[in-house]
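Subject: Structure handover

Hello,

Here is the structure I said I would pass on. My notes on it follow below.

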Amino acid sequence: MADLWQEAMDHAVAVARKAGEIVRDALHNDMKVLCKSSSVDLVTKTDQKVEQLIIDSVKEKFPKHGFIGEESVAAGEPCVLSDNPTWIVDPVDGTTNFVHGYPFVAVCIGFAVNKTLEFGVVYSCIEDKMYMARRGKGAFCNGEPLHVSDQKEINQSIIATEFGSNRDPEVVDRIFSNMRKILCLPLHGMRGAGSAAINMCLVASGCVEAYYEIGIHCWDIAAAAVIVEEAGGVLMDFEGGPMDLMSRRIIAANNKTIAEKIVKEIKAYPAVRDDAPLQTKQ
């Protein structure tokens, strides 16, 4: 019997690589930069072109599958994770990096069935690193196995986070307050690649012990979530429970000990869920 999910994953890898070529080519050309929710929430024609490439390619091969795509949702499509096979796509994770030529940009393709993530593909296209994982079958980068760090002491750790695109002073103060608490534990350091997916892949690779953020979306983390877990890591909510893909907050860590120490220090603040009714988001 054919392994349909492996067939889907192989297709995801192929289309991610093709999408990465488009991203790299666009870096050498003038790009049209648009704004979404604010002057720092950016989208380019490349984001839209890559997402359409992925959707068209998948619809041709898997016509009954569903989609959640960053640019589709921005254009008014619903963000609903059903039990049906669903592709969760961020065409260019790290759009601001892309606009500035900062070399951490990823094509992200996650795949869920019955609301459970089955595989994830993250192509860091400027680095030419293809991260991938399938549930129960391990995580890899360019064919080499990945495993999280075995560090259990947070004061010997590097923790990754991001600032997001919300420039409301109250939100910024909360972000920096949380960073201060974590940094003063103390840590070896804090880092941020400018891409949620790449930050999570760095956790899976063992060079960063954890990544946390409030305000990210399901398409930012779906693909990399599988990679972290299959590399031996843990995914947690800010309350200490399991990750909720639609909650817009995540802790991805090398182990439960590190994750729980972050939970203890961080003060969560509200973020409208990805699957909230449209009127709630307005």
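A helix here is a DSSP run of H or I with at least four residues, and helices are numbered from the N terminus. The model is predicted. Just after helix 6, G206 takes a positive phi of about 90°. Helix 6 itself is largely enclosed by the rest of the structure, because eight of its 10 residues are buried. The buried residues are A196, A197, I198, N199, M200, C201, V203 and A204.

M200 also belongs to the largest nonpolar core, which has 45 residues. M200 is one of the members that touch the most others, along with I68, I88, L117, V122, I227 and L245. Elements that each supply at least two residues of this core include helix 6 (196-205), strand 6 (116-124) and helix 7 (218-230). Helix 7 provides the largest share, 10 residues. A second, separate core has 29 residues, among them F62, V92, F111 and M130.

Leaving aside residues up to four places away in sequence, L117 touches I88, F111, A112, R135, A222, A225, V226, M243 and L245.

Regards

Note on methods:
Residues numbered from 1 in each chain as written. Predicted model: local features only at pLDDT ≥ 70, side-chain atom pairs only at ≥ 80, totals over all residues. Heavy atoms only, no water. Core = buried A, V, L, I, M, F, W, Y, C linked by side-chain atoms within 4.5 Å. Buried < 20%, exposed > 50% of the residue type's maximum accessible area, 1.4 Å probe, protein only. Contact = heavy atoms within 4.5 Å.
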